[in-house]
There are 4 protein chains.
Amino acid sequence: MVTSELDLEVRYYETDLMGIVHHSNYIRYFECGRNKWIRDVGLPIEELEASGIMMPVSSVECHYKLPSKMGDVLHIVTTVKEMPMARINVYTTITNKKTGDVVCTGKVVLGFIHSDTRRPTRVPENLAVRLRPFFE
Amino acid sequence: MVTSELDLEVRYYETDLMGIVHHSNYIRYFECGRNKWIRDVGLPIEELEASGIMMPVSSVECHYKLPSKMGDVLHIVTTVKEMPMARINVYTTITNKKTGDVVCTGKVVLGFIHSDTRRPTRVPENLAVRLRPFFE
Amino acid sequence: MVTSELDLEVRYYETDLMGIVHHSNYIRYFECGRNKWIRDVGLPIEELEASGIMMPVSSVECHYKLPSKMGDVLHIVTTVKEMPMARINVYTTITNKKTGDVVCTGKVVLGFIHSDTRRPTRVPENLAVRLRPFFE
Amino acid sequence: MVTSELDLEVRYYETDLMGIVHHSNYIRYFECGRNKWIRDVGLPIEELEASGIMMPVSSVECHYKLPSKMGDVLHIVTTVKEMPMARINVYTTITNKKTGDVVCTGKVVLGFIHSDTRRPTRVPENLAVRLRPFFE
């Protein structure tokens, strides 16, 4: 298991007319968490992409527990539990930093493709080599 | 079953550096489809909200099949299959208008709350009365 | 002078906790208007980009007159008043479709660059040829 | 003069198919800078709004100098140079944190309104009292 943490502050424009963060933004926060995760692992997404690999999203799910609002700081915990093969499953839990309450949880499945051909591939070696120590 | 259709054109700023629509935007397109659906049903979301009811999202899931890109027109089909009670399940299929290929499919579950107290309620009567004919 | 028109409906997620469209979104609506304009001129932006030219934004200004809100339809009028050379000046006026009131006005200046070298260039011939008839 | 600083990391979904941050996002970064500024001054925007005052944007302008891309950290400097009266002029400069190069500069003019009546007012006393020391 390999886990990464990130704090993000809610931005004004991310709230909607209910006065709370629009639900679509958590899907974006998940991505912010994933990009922190892969950088913590040692391979920033821009380096991965420079090596010719992209990670298109295959599916997302998100379960909303509590709203968040302007002024809130969100604590994003991103976890990968299994060594990725053709796909990588990324689990995210977002809590309100101040109260510790769970705001939402989700799972995102991503694949790997070659940027030039757009054809799928297995987890690239430059990422795999950094992940194996966590799963041995 | 009650279904609604909407065509949306991909906007430039909705594409990301992969050159394709960012996955989070489909969650937003789902909402555009739902708002068209509820208006087609006869109760625009702004009227529902004016009547003191909001519909917070409880969960979303989206399965991505094919990318879409600048210049594409998306065809959004929004379907409600059962009479809502405490929650409403909304199914969406997005296809590429030109090719007919499925871009993504998803399901969103929403609740109903009183705007003032933020307490949950069953489907409000002003919506229920418009939906019953479809499910009898 | 060459002008183009586009109607856009306000989307729920574009409103903020003031209950009105977030001011940053009008900058995006300007772009929707420009992309309709260039398509009306006969050269969709994706074709222009396929020909190796991109149009980075050099400056924007926007003057806000009236708010718009969920349910509003916006009427976007995009105008180019002079034949572009190294830059193109695009003027936009957004009105509320129903009331006719001006919501905002703005001006965006864009340049032309070669996609590969990112070096500036003059208005490309495939665009110029379509614009000259309007300015002769 | 009163100045505030904020560092923000570019988010993946903020880039467009040119591979760079979409120009509309800088208008949003300006707002992030303003919200940091007003909090540094001692009156978080959510407190100002709780006191019944909102700050609608009257105009924005932004001059783009250099693109920024995924992985970049932006340094946002927000400055108010005169004591606000009916309006407040906010100047922002965004630089690339690593290189120090200017990415863009801008000016945003905001008014003050009562949330309930939406009528304009002068700078509210809870904000004025915190700003006067900087301008005496």
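How many residues does the contact take from chain A and from chain B? The contact takes 14 residues from chain A and 14 residues from chain B, two residues being in contact if their C-beta atoms, placed from the backbone, lie within 7 Å. This is a predicted model, in which local features need pLDDT of at least 70 and side-chain atom pairs count only at pLDDT 80 or more, while totals for chains, interfaces and linings use all residues. Residues are numbered from 1 along each chain as its sequence is written, and chains are lettered from A and ligands numbered from 1 in the order in which they are written.

**The side of chain A that touches chain B**

- Two elements of chain A, α1 (24–41) and β3 (57–64), each supply at least two residues of this side; helices (H or I, at least four residues) and strands (E, at least two) are DSSP runs, numbered from the N terminus.
- The most is given by β3(A), with eight residues.
- By class, this side has seven nonpolar, five polar and two charged residues. Ala, Val, Leu, Ile, Met, Phe, Trp, Tyr, Cys and Pro count as nonpolar, Asp, Glu, Lys and Arg as charged, and the others, Gly among them, as polar.

**Strand pairing**

- β3(A) runs antiparallel to strand β3 (residues 57–64) of chain B, and five bridges join them; strands pair if DSSP finds at least two bridges between them.
- Cys62(A) has Val60(B), in β3(B), as its bridge partner.

**Helix packing**

- α1(A) packs against helix α1 (residues 24–41) of chain B at an angle of about 175°, with the axes 8 Å apart. Axes are lines fitted to C-alpha atoms, for helices over the stretch in contact, and angles run from 0 to 180 degrees between N-to-C directions.
- That angle makes α1(A) roughly antiparallel to α1(B), a label for angles over 145 degrees.
- In α1(A), Ser24(A), Ile27(A) and Arg28(A) meet Ser24(B), Ile27(B) and Arg28(B) of α1(B).
- This helix contact has two nonpolar, two polar and two charged residues.

**Relations between copies**

- The same surface serves both copies, as 100% of the contact residues of chain A recur in chain B.
- Chain A is also superposed on chain C by a rotation of 180° with 0.0 Å of shift along its axis (RMSD 0.0 Å). That is the relation of a two-fold axis.

Key:
Least-squares fit on C-alpha atoms with pLDDT ≥ 70 in both. Parallel < 35°, antiparallel > 145°, perpendicular 65-115°, else oblique.
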